[in-house]
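These are my notebook entries on a structure I had not looked at before. I put down what I looked up, one topic at a time.

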Amino acid sequence: MRFEYAPAPESRSVVRLRDSYGLFIGGSFVSGSSVFKTISPATEEVLAEITHGGAEDVDRAVAAARHAYERTWSVMPGKERGKYLFRIARLLAERAREFAVLETMDNGKPIRESRDVDVPLASAHFFYHAGWADKLGYAGFGPSPKPLGVAGQVIPWNFPLLMLAWKIAPALACGNTVVLKPAETTPLTAMLFAEVCQQADLPPGVVNIVTGDGDTGRLLVGHPGIDKIAFTGSTAAGKEIARQCAVSGQRLTLELGGKAANIVFDDAPVDQAVEGIINGIFFNQGHVCCAGSRLLVQESVADSVLDALKRRMASLRLGDPMDKNTDIGAINSRGQLDKITSASQAGEEEGARRWSAPCALPERGFWFPPTLFTDVASSSPVAREEIFGPVLTVSTFRTPSEALQKANATQYGLSAGVWTSKGSLALEMASRLRAGVVWANTFNRFDPASPFGGYKESGFGREGGRHGLEAYLDVVATDVAGTVADV
Ligand code: NAP
Ligand code: MG
């Protein structure tokens, strides 16, 4: 018997949306030359008008960040910087509901996830880095490591506030100032964060936020006044930026795409593994760079795992992201929905067998049902290319070495998962999987103290933990990827 759920909508009343938002430069909201609109992907309703940052705006923001860097932030003792970071962390926690509701409205992700994952982790990131601000001399980078200067930071739309925190918290803790560009479709929590900076009395110019599209991002990363570029986004844009930095000599970290293997051995508890597979690929509609989008299951248990997985997928609740019982929210934009749809069609045309959960899709907004593909050739694009949506490919293996070979046969290397009750097998796999993060008997777990980043076309540099500080300090960078032997 299946229980019916009554609607459990979160109220929007906690959010005070403005009709329009300026750019946040030098501690104030300022106007720019043109505007665009941000919508709710679940309803297609226009939420607010946002300022599009042009060349002059980026110049102004970089100048404000440089001024703040030289006059206040880099000369302030770490102990004092830490107080501001603590204050921001506390304000994020105090205003958590407001941030969660706004994130869900602008991005389309379920309120359960923005409330329980995005916002608490964003606050935790500021708490964690507040603690580092006066202890950088003990981080293993020499007695008094220096900041780099002005950081230009560009982030995507899948975790708007959380990616902002990953970028801004370590930069500020190390004494840098920042100019950040949020993604075009999800600027609202960044604008609310700008209000938090004002509320925390952060010195003007330490954080500057310039909204806009990819062109604004290009202007920022190409600006000669930027000392360090931190980019999270697609591998294609990352390559373009890397080419540019090879000439300019600016410091660069790239967090790019992924196509992670989630490997289930025959001794794994099936129900737990199925929950892990679901979390791995359907969390945040699969708009997750480290999503477990390639399921590799040991042949002897493949049928039973697949049956249990389909049963569980059929029980996922897709719909209104503001409903507290919703598991799968809206796809972030029409453009992303088109990409997911065409990648899935290409998979079918190539002969892979598609199964989608039998759920009704709302009429308005952008939606895609939880989907899996079996009979997938490992050469097929559906198995190789990042889809960045709720689409899983399933293939089988017989031995651990076959699983390793298949898991590592990708141009990416961001994450992987292993499900087994043998600790020795999990450790052996973890040491041979070429992925920045390997989860054992869990998936998509994040902690500010744990470094995150990729190998190969998933990018370079680490965010979080002691390793993440290195990206914002004037110290010789260690080649993390180079320290690991090829498998
Ligand atoms: P994207 O098109 O590369 O955009 C990312 C950000 O960069 C956006 O703010 C975008 O602006 C801007 N941008 C686009 N082209 C640029 C360029 N040439 N120079 C400077 N900025 C540029 O990526 P997306 O499709 O939005 O995001 C999804 C991708 O991000 C996926 O591939 C995913 O795997 C990756 N991702 C990686 C991580 C990680 O930590 N490794 C985390 C999250 C997402 P507009 O969007 O405003 O146009
Ligand atoms: Mg939006």
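How many residues of the shell around ligand 1 are nonpolar, how many polar and how many charged? I began here, keeping in mind that this is a predicted model, and I counted by class 12 nonpolar, 10 polar and seven charged residues in that shell.

**Entry on ligand 1**

I then listed what surrounds ligand 1 and found 29 residues, the closest of which are Glu 184, Gly 217, Gly 233, Glu 255 and Cys 289. When I looked for the helices involved, I noted that helix H7 (214-221) and helix H8 (235-248) each supply at least two residues of the shell, and that H7 gives the most, with four residues. I also asked myself why ligand 1 can be said to lie between domain 1 and domain 2. The reason I wrote down is that domain 1 (20-255 + 459-476) and domain 2 (261-445) both give residues to the shell, so ligand 1 lies between them.

**Entry on the two domains**

The domain assignment of the chain gives domain 1 in two segments, 20-255 and 459-476, and domain 2 as 261-445. I looked up how far apart their C-alpha centres are and noted 30 Å. Turning to where the domains touch, I found 16 residues of domain 1 in contact with 20 residues of domain 2. On the domain 1 side of this contact, H3 and helix H4 (111-132) each supply at least two residues, and the largest share, three residues, comes from H4. By class, I recorded five nonpolar, six polar and five charged residues for that side of domain 1.

**Entry on helix H10**

Helix H10 (residues 302-314) has 13 residues and reaches 18 Å from its first C-alpha to its last, which is close to the 18 Å expected at 1.5 Å a residue. I listed its buried residues as Val 305, Leu 309 and Met 313. These cover an arc of only 65° around the axis, which puts them on the same side of H10. For background I noted that an α-helix has 3.6 residues a turn, so residues three or four places apart point the same way. On the face of H10 turned away from its buried side I found the exposed residues Asp 303, Asp 307 and Arg 311. What covers the buried residues of H10 includes strand E11 (261-264), helix H9 (270-282) and strand E12 (294-298).

**Entry on helix H11**

Which residues of H11 are buried? I found Gln 336, Ile 340, Ser 344 and Gly 347, and seen down the axis of H11 they fall within an arc of 65°, so they line one face of the helix. The face turned away from the buried side carries the exposed residues Gly 335, Asp 338, Ser 342, Gln 345 and Glu 349. Among the elements covering the buried residues of H11 I noted strand E13 (353-356), strand E14 (371-374), helix H12 (381-384) and strand E15 (391-397). Just after H11, Gly 351 takes a positive phi of about 105°.

Asn 284, although not a glycine, has a positive phi of about 55°; it lies in the loop between H9 and E12 and is buried, with 24 other C-beta atoms within 10 Å. For Asn 444 I noted a positive phi near 55°, a place in the loop between strand E17 (437-440) and strand E18 (459-460), and 20 other C-beta atoms within 10 Å, with which Asn 444 is buried.

Notes: Residues numbered from 1 in each chain as written. Chains lettered and ligands numbered in written order. Predicted model: local features only at pLDDT ≥ 70, side-chain atom pairs only at ≥ 80, totals over all residues. Buried ≥ 20, exposed ≤ 12 C-beta atoms within 10 Å, placed from the backbone. Arc of directions from axis to C-beta. Contact = placed C-beta atoms within 7 Å. Near = placed C-beta within 6 Å. Nonpolar A, V, L, I, M, F, W, Y, C, P; charged D, E, K, R; others polar. Domains from an automatic or database assignment. Expected span 1.5 Å × (residues − 1).
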